[in-house]
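Dear colleague,

I am passing on the structure we spoke about, together with some notes on what turned up in it. Please have the coordinates open as you read.

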Amino acid sequence: YPLSGEGGYGYLKEPWWWAGMITMIVGEVANFAAYAFAPAILVTPLGALSIIFSAVLAHFILQEKLHMFGILGCVLCVVGSTTIVLHAPHEQKIESVKQIWQLAIEPGFLVYSAVIVIVVAILIFYYEPRYGKTHMIVYVGICSLMGSLTVMSVKAVAIAIKLTFLGTNQFKYFNTWIFILVVAFCCLLQINYLNKALDTFNTAVISPVYYVMFTTFTIIASMIMFKDWASQSGLKIATELCGFVTILSGTFLLHKTKDMGNSGSGRGSVSMPRDTPVFTNSGSARSSTSDKLPS
């Protein structure tokens, strides 16, 4: 079947792809429910657990090596996420989906949404055909940017469902259906480009980089729309930022050590990877380096 990285959709005929997609959907349903009861800045960092499982499973199933510093990177991601969770702001009380709609149409969030849509359009129509197969940041950037809008809409839909179950029907408002349409569109777009990224680049690198970018933009979007940090002290905000920097450090370790041990000359030897451009296809980088070696 044509690879997704080459513009094909042959993965739709693969049973393993559907098995993975179903398990991911189950996890996202639980994640979806969490947004109804907690702020996005609290729920999203817990996605660090996906880094751990993705890196470990890639090590055992896909034979993508994860060594000592990779394990340390995973630990740092968990520590950073725990720090953010322990100091996250309290959820503001939402009584109607109309209240969320008023937050969404405030000038600040409208400007943010417009910028996101414009940047994603540029990435899709200009950069993706030229650099998509060699620069990971293109695919991951599309997914992360749209992901921030997805989370805001998911939170609105989740709250609408919660309030409906509590006896106040929120589906009689057109606002709820607009949020549902945004969720559907953004999710389909993310699935498409995330599959291309995973098909083209190392899974153990895609997962943490995508997590960091997705979390960053989600936190920014949540700050603008829900004003999560408005009621917090400077100390708590600084602690949360330190936790996020810790996650970034763990991600950096995972990226820089993804090839450790692949070219070891002896038993138990560990060799550091060559310096390759960040967010670039490692295979392409190695080819360009070898072209410069004397024959």
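What volume does the second largest pocket have? Bearing in mind that this is a predicted model, the volume of that pocket comes to about 320 Å³. Its lining is made up of 17 residues, and those that lie nearest the centre are Phe109, Ser113, Leu149, Ser153 and Val182. Helix H5 (97–104), helix H6 (107–131), helix H7 (136–165) and helix H8 (174–200) are the elements that each give two or more residues to this lining, and the largest share, five residues, comes from H8.

The largest nonpolar core has 50 residues, of which Ile100, Phe109, Val120, Ile142, Met152 and Met225 touch the most other members. The elements that give two or more residues to this core are helix H2 (40–43), H5, H6, H7, H8 and helix H9 (203–226), and it is H7 that gives the most, with 17 residues.

Phenylalanine 226 deserves a separate look. This residue lies in helix H9, and phenylalanine 226 counts as buried because its relative accessible area is 5%, which is under the 20% cut-off. Lysine 155 lies over the face of phenylalanine 226, at 5.6 Å from the ring centre. The C-alpha atom of phenylalanine 226 is separated by 9.1 Å from that of methionine 152, although the two residues are 74 residues apart along the chain.

Finally, the aromatic side chains. A search of the whole structure finds eight aromatic pairs, one of which joins tyrosine 126 and tyrosine 127 in an edge-to-face arrangement, with 4.8 Å centre to centre and 85° between the planes. Elsewhere, Trp101, Phe174 and Phe179 form one aromatic cluster.

With best wishes

Conventions: Residues are numbered from 1 along each chain as its sequence is written. This is a predicted model: local features need pLDDT of at least 70, side-chain atom pairs count only at pLDDT 80 or more; totals for chains, interfaces and linings use all residues. Side-chain values use heavy atoms; hydrogens and water are left out. On a 1 Å grid over the protein atoms alone, a cavity is a set of points where a 1.4 Å probe fits but cannot get out, and a pocket is an open set with protein on both sides within 12 Å along at least five of seven lines; lining residues have an atom within 4 Å of a point. Grid points are joined across faces, edges and corners, and a volume is the space filled by probe spheres set on the points. Helices (H or I, at least four residues) and strands (E, at least two) are DSSP runs, numbered from the N terminus. Rings of Phe, Tyr and Trp (its six-membered ring) pair if their centres lie within 6.5 Å; planes under 30 degrees apart count as stacked, over 60 as edge-to-face and the rest as tilted. A charge sits over a ring if NZ of Lys or CZ of Arg is within 6 Å of the ring centre and within 35 degrees of the ring normal. A nonpolar core is a set of buried Ala, Val, Leu, Ile, Met, Phe, Trp, Tyr and Cys residues joined through side-chain atoms within 4.5 Å. Buried means under 20% relative accessible area, exposed over 50%, partly exposed in between (1.4 Å probe, protein chains only).
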